[in-house]
Structure formats: C-alpha cells, structure tokens
Amino acid sequence: MSKKKNNKLRGILFGAGFVALAAFLFTGCPSDQRMLQSGDAAQKVYVAPGDHDEFYGFFSGGYSGQLSVWGLPSARMLKVIPVFSQDPETGYGYSEETKPLFNTSYGFIPWDDSHHPHISQTEGDSDGRWIFINANNTPRIARIDLTTFETKEILELPNTGGNHASSYVTSNTEYVIGATRFSIPYEKDLDVPINSYSDEFRGALSFIQVDQETGMMEMDFQIVVPPYNYDLGRAGKGVSGDWVFFTTYNTEEAHTMLEVNASRNDKDFIAAVNWKKAAELVRNGHGKTMDAEYYHNHYNGQNQGVAVSEVKNEVTVLDTREVDENFIYYLPTPKSPHGVDLDPTGEYIVGGGKLATVIPVHSFSNMLEAIENEEFDEFIDGIPVLNYDATIAGEVENPGLGPLHTEFDGKGYAYTSVYISSEIVKWSLDTFEVVDRIDSYYSIGHLMITGGDTVDPDAQYMVGLTKTAKDRYLPTGPKQNHPAQLYDISGDKMELLLDFPTIGEPHYAQAIRADKIKDNVKQIYEMEENDHPNAITRISDNRVERNGRDVHIYMGATRSHFRPDNIEGVKVGDTVYLHLTNMEQEWDVVHGIAIKGSTNSEILVAPGQTKTIKWEPTRTGIYPFYCTAFCSALHQEMQGYIRVSAPDSNVDLKWSTNE
Amino acid sequence: MKSLLTLLFSITLIFTACSGGNSGQQADSSGEPEQEQGLSDFEMEHGIGPITERIDISDDIDEDLRVRGQEIFEMKCEMCHNMEGRMVGPALGDVAERRSPEYLMNMVLNPGGMARNHPEGQKLVQEYMTVMPFQNVTEEDARALVEYLRDYSMNN
C-alpha cells in the first residue's frame, strides 16, 4: 500500500519535474532576461508627471469584449473603451441610446470576444480617424470614433462563423475585411447534418465598404469559398494595395477533433484576393443576391444622437464556382499558417506557419508572374492553386517553435512572435536569416510595432502580447491577467524595457503617434449642437411628462444640483425614462446618476451630453438618487428624491427644484 | 464645519487651477502699473481675462445681440443664476449696473482666473462656495450676454 503511494508520489514528482523542465526550456529563467540596466530601461519608459506619451496604444480586450487605450512607452492605461460588452461603469449597453448597438439577428447580445483593432488608413498610413475591431463569436465589426473614443457603429456579418480574420483595413480604408473562421452552411439557418461538412458548409470572405466622410460601414459583398478555416487576414500595401490576404487551415475539411484532423496536410493556403477586381465584378453584375439577416447598428445623429438598429435582408455574393474570371488565388503555405503579414513595401507576404519548421515568405511580384504564366497546380472550386516554388521568395530557417505573427520595422527587418518556444525572432528581409532573438514572458501571441502595419512604421518600440503571466507579477489567484512586454527595437538588438498586465486577453494591438490623434480629441459635447432627441438645451425646459404608463423625466445637471430634484406622482408599474443632460461645458466635468433599487446600471454623462436610463420601480416609497461622479466640493449635496406611489394612488405628477 | 468647507474650497481651487485655459496671465504682460495683488487698475475695475481694454458700447440696445444673449443665457447660465434672488450663484438682474461690461465679459470668459486672482472673484467664492465654470462661450457670446443683462436691468 505504502509502496504504491510512493510510486504515485514519485510519479507526481517526476511529472512535476518534467513540466518544470519543459517550462524552463521553453520560457527561460526570469533572471536571465536580456534587458538594459534597470536605470537605462526606466529612463526610456519614464514620462514625467503631466507630460504625454509619444504613442497611443490600442489593445484588444479579447474575452472582455473591449478595447483598452494605453500611453506608450510609459504603459499608462488611459481608458477602456467599451465595445462589444456592456459596461455598467459608463452605462454603455444599459442606457437607451447605446442598447441598440448590441442588437443582432440572434437578439440582444451583451458580450463578445474582441480581437484585432485596426486604425483607419490614408495612403497606407494610419490616419487616426477611426479604429475598427472585430467580434469573433457572433461575427461583427465595430467602428470607434477617435475624436470621442466612443463606439459609434456595429455591423453584423451574415452567414459567417467566427469572424477572426478581421478587422483589417485596405490602404485608403476603402474596405474593412472579415472572414469565417468556422465554416458553416452559407445559406441562412440551414439545418443539415454536421457530417455533411464538405458538401454543405462554405467559407465567406466579407468586404465592408467604408464611407470616407462618415465612416459608416456597409456590407458590399461576400466571396463564398471552400469550407476551410479562414484564420487571419491583412490588406496589401504599396505594390499589393489592390489585394488582401487570408490564411487558411483545415484544408482537410475536418469537422471534429481539428487538433489532430486539421493538422495532416503539409501545406494549407494563403488566399490572395484582388479586391479591386472582385468589386469590379460585383459592379458588373457577376454577383448574386442571397437572403440573409443581419443588423447594422449606428447613430442617427451627426453629433450625439441615439443608436438605431437597421435589419438587412440580403447580401451580394461572388461564388468562385460560378464566376469565370479569376480574382482569388491560393498560395500553398506550410503548415496550418496563422498570421499573414505584409512588409511595408507590400512585396513580401509572410506566413506564420504555426506548425512549420520555417517561416515561409512569398513574393508578391513572383505571385503576379506565376499568375501571368498560369503556374497552377490545380483548381479548387474554380480557385487556381499557385505553384509553391513559383511564389516563394525564401524560408527563414530556425525560427523557433510555433511562429505566429510578423511585424516590420521599415528598415529591412521582420519580427516574428513564436508561441511554443516563447520568443520573438528578428530576421532580415534581405537574407531571410535570423539576426536576433529574445524571450517573451510567457507564450507570446500577437506582437505589434509602434506605427506598424503601415507603409511607414515608427519602429521605436515593440509590444509582445503574451498568454500567461505566472510568476511575473504579484500573484492574484489561479487566473492572472494577461501580460504585455515593451521592447526597445531602435538598435541592432531587441531590449526588454517593461512588463505590465493588461485587461482581458489582448490579441492584436496597434500604436499610432499621439500627434495624429490628440489635437482632434473633443473636450466637450457642444450644447448648441446637441441632437439627442431627449436633450434639454435650456434648463427652463426641465420637466416630467406622463404618457400612459411611461414617465419621462427631462433633467439637467450642473455643479452641484439636479433640476428637477423633487419628483412625485411616479407609480409602481410605470416605466420611467430618465433623460439626463449635463449642462456643463467644461472639459472632464462629468456627472452621473444612480437611483436606489434600480436594476439597471448608473449612467455617466460627459459635459454637454445627454443619456437616458430606464427604471421600473416595483415598490412604493421614497427613492433617493445622487450624482455618482465626484464633481465639486458640493458633490455630496448633489442628490434628489423621487416618490413612488401605489398604482391606484391619486398623487399628481409634479416636479420642482428649490421649492 | 465651516472651516472644513473653506478648506475643501481651497483644495477645489487648487485642483481646478488649470481649467479654463485663459487664466490671469495676460494681466502680467499688460505693462500697466500693478496694484493690489499685482493687478492693474484696469483689471481691478474690469476684471482679468481676454478683455484688456474698454469696448465701445452704444447706449441703445442692439436687439439682435440681446436675443442671442438671451439664448445663451437660457442655455448656459440659467442653471445657476436667477435674475431675482440668489441661486447657486448671485442674482443677475442688476449686475449690469454693478459691473462694467468688460468685467462681465472677463467673468464669463475667465471664471477660473477671476476666482483665483481677482479680489471680487475671491469674495464670490467665499460667499457662494462654488467656482463658476467656463461654459464654452466665445467673446462674441460674452458680448451678447452683456447686451441681454444690460437690457434686463434697464427694463426691470
């Protein structure tokens, strides 16, 4: 018995030892980390109190559904912009004007998994007008306005499963792209056996047009493609500006146990799509219209307005099996590639073959030549498969285990994140040889170079977004927040500067020079331009109105009172809409409101802004409400009362202030 | 309790010292001889802010300006000021008699600077215990407000 125990114990110890050894091999020892002398590193990230950072960094929130904003290099968190998840702190997704943003063809969805933020571009460079981010679970793309840092629009993608290869923009933000990671039947709501995968399931690549004045998105067309997993995407740049690229895995068309069954082929594909040609084909009537159901949620006002939901019922589709002309090509790429990344010139197409032993680099000009010479190995559903040797420019040897994503410094070097061996490798676009490597802590996913994924990176810093923190910070329980590491890449050798925890699980991130955004940021909502339908623009308009069982309170707030602050005549069974306008015009003077017993969130209202919160009182009594945002020395005095009476009471509706 | 409030207000003043943008700094470069608290005669009488010299105002009311002034008043001022009777801030029915047009404009355009650096502004904070906020008005808006306040005091 005791011997058995010993064996078991030995087994456990052996197992633990093995895990520790593996962890050590793969992650290195923290004390061995290569970084500048602490003092030098501190100086490089030090931004004096009151000074501003050089870069805005936008980090996806992953399973938080949000987008966090950081100052770099200091790694100060500036804000969390709520996007796909409700945010009771601000009332986003709870207030009446923001609730429609969460509508989908499946109903109101309070959460999603946000992945790849991408800043709008002009001539291939980030321009700081908007930032887009995708929802992976219920496929959607959101647009955030970078003058107010608010989510202004969310578009659902029809007939798509897992919108992961998104939300990358083309060089002049003509299109934002999306794609299906989990192929599903393309026809709406088709009910078929799962093992009919190869016959019934299809992939969809989405091309969403962006209005250059307003930023408004519109589903222009989708391309129906073979049922692989379309994993990541990027738009071309410069010479390849008319193209977008998507990686695929699961060309095996497995529908179960993909871990094994989708890892059999030596090569999968990078899909190269000539979007200009595809758009032209659509304009010339080569597309067909198919039934669909998807929501387009956006604001109906120029300034504030309120969000509204429009339901769309059809989508234009290009089916590669039905269109004779070629506009999409497959580039064989080893092996289950994850990232596909274009260098700043647009010539090199780098695949992150996560199971491959090399990093394959295709040449765009080779690709065009191969197309010209029709060097096709085969056709799949009408899509030409190009010959690997014809398109490949080089293979980077010894890149580590599990290369995922690549970014570029514009000085001839590429930086690839390598997951399993937990490192970043720097390699030359000239020789395709690794020139430097540095550990990440631990198990890196995406990486990002400041000013990156543009024709002109500001390659001073690099951020690695890693999957596990383990011992990096003070422990906070079995689940630690995801880390990010900041590296200095201005010299020949990469140097670790900083390691900091983030929110959710940051997948991709982008950083842009602060001066491209900060002068355009709004400090207030102009009262004279308040187009919210329930705003009051004169305090004398404060009032309470009853419309059947609906009670509308039009309230103003300034330091340090609400008007009205005494309200009677509300009854149990009423639905109360409290429309609060912040009558202040001074930057960052925010008022909030919360009502005792309300099963809703608070709302925070910025200067000049109007927000509406719904309240359904279920008990009679006196309900205090108060300002939730410390606004002045008399903030504690900023309060009021609402009297709620029985449904059959004859208490008259009345409201007052200072009476 | 009162001293606690005073302390709180002092703290508020310190913390909001950077708001508004245009503080009393123009005053330092006006080149006029300095008086009490480093203020010039002009500033003592007409306030600290972007209005640094007397402006031409006709005795007659400019009706267009008055209408615009009333619109701004109702949108941006009335939350805190009555014409008759104290509210958050002082009653303004007779303010055009008590203060010069330039003083009124500086008070509206540079309330933070006035509260901090002008003896009259400091007195107001002591009495009303709230620093008047800048309400994003232009010089033209402030001039229109003056017209509205002048008209009101003439006719009431």
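**A strand pair and its surroundings**

Mentor: Start with Gly71(A), which stands opposite Arg76(A) in β3(A). Strands here are DSSP runs of E with at least two residues, helices are runs of H or I with at least four residues, and both are numbered from the N terminus. This is a predicted model: local features need pLDDT of at least 70, side-chain atom pairs count only at pLDDT 80 or more, and totals for chains, interfaces and linings use all residues. Residues are numbered from 1 along each chain as its sequence is written, while chains are lettered from A and ligands numbered from 1 in the order in which they are written.

Gly71(A) and Arg76(A) face each other across two strands. Strand β2 (residues 67–72) of chain A pairs with β3(A) in the antiparallel sense, over five bridges. Two strands count as paired if DSSP finds at least two bridges between them. Strands of a sheet pair through backbone hydrogen bonds, either parallel or antiparallel.

Pro73(A) sits in the loop between β2 and β3 of chain A. A cis peptide bond joins Leu72(A) to Pro73(A), with omega about 15°.

Step back to the whole sheet. It is open, has four strands in the order β3-β2-β1-β34 (chain A), and its pairing is antiparallel. β3 (76–81) and β34 (509–513) of chain A are the edge strands, and each pairs on one side only. From one strand to the next, the twist averages 20°. Angles run from 0 to 180 degrees between N-to-C directions, and axes are lines fitted to C-alpha atoms, for helices over the stretch in contact.

Compare a second open sheet. Its four strands follow the order β20-β21-β22-β25 (chain A), again with antiparallel pairing. β20 (337–342) and β25 (392–396) of chain A each have a single partner strand, so one side of each is left without a neighbour in the sheet. Here, too, the twist averages 20° from one strand to the next. Inside this sheet, β21 (residues 348–353) and β22 (residues 359–363) of chain A pair antiparallel over three bridges. Tyr348(A) has Ser363(A) in β22(A) as its bridge partner. Helix α6 (residues 364–372) of chain A lies across β21, β22 and β25 of chain A, and runs at about 60° to β22(A).

Parallel pairing occurs as well. β13 (residues 217–225) and β18 (residues 307–319) of chain A pair in the parallel sense over three bridges. There Val224(A) stands opposite Asp319(A). β18(A) also pairs with β17 (residues 288–299) of chain A, in the antiparallel sense over ten bridges. In that pair, Tyr294(A) faces Lys312(A).

Two loops deserve a glance. Ser167(A) is in the loop between β9 (150–156) and β10 (175–179) of chain A. The peptide bond from Ser166(A) to Ser167(A) is cis, with omega near 5°. Asn250(A) lies in the loop between β15 (243–249) and α4 (258–261) of chain A. Its phi is near 55°, a positive value in a residue other than glycine.

Go up to domains. Chain A is assigned domain 1 (85–188 + 201–227 + 287–322) and domain 2 (527–656); the bounds come from an automatic or database domain assignment. The C-alpha centres of domain 1 of chain A and domain 2 of chain A lie 34 Å apart. In all, 13 residues of domain 1 of chain A are in contact with 17 residues of domain 2 of chain A. Contact means that C-beta atoms, placed from the backbone, lie within 7 Å.

Last, turn to chain B. The contact between the chains takes 21 residues from chain A and 17 residues from chain B. On the chain A side, β36 (550–558) and β37 (561–563) each supply at least two residues.

Within chain B, helix α4 (residues 63–76) packs against helix α9 (residues 139–155) at an angle of about 100°, with their axes 7 Å apart. That makes α4(B) roughly perpendicular to α9(B); angles under 35 degrees count as roughly parallel, over 145 as roughly antiparallel, 65 to 115 as roughly perpendicular and the rest as oblique. Among the residues in this contact are Leu65(B) and Phe73(B) of α4(B), and Leu145(B) and Tyr148(B) of α9(B).

Methods
Contact = placed C-beta atoms within 7 Å.
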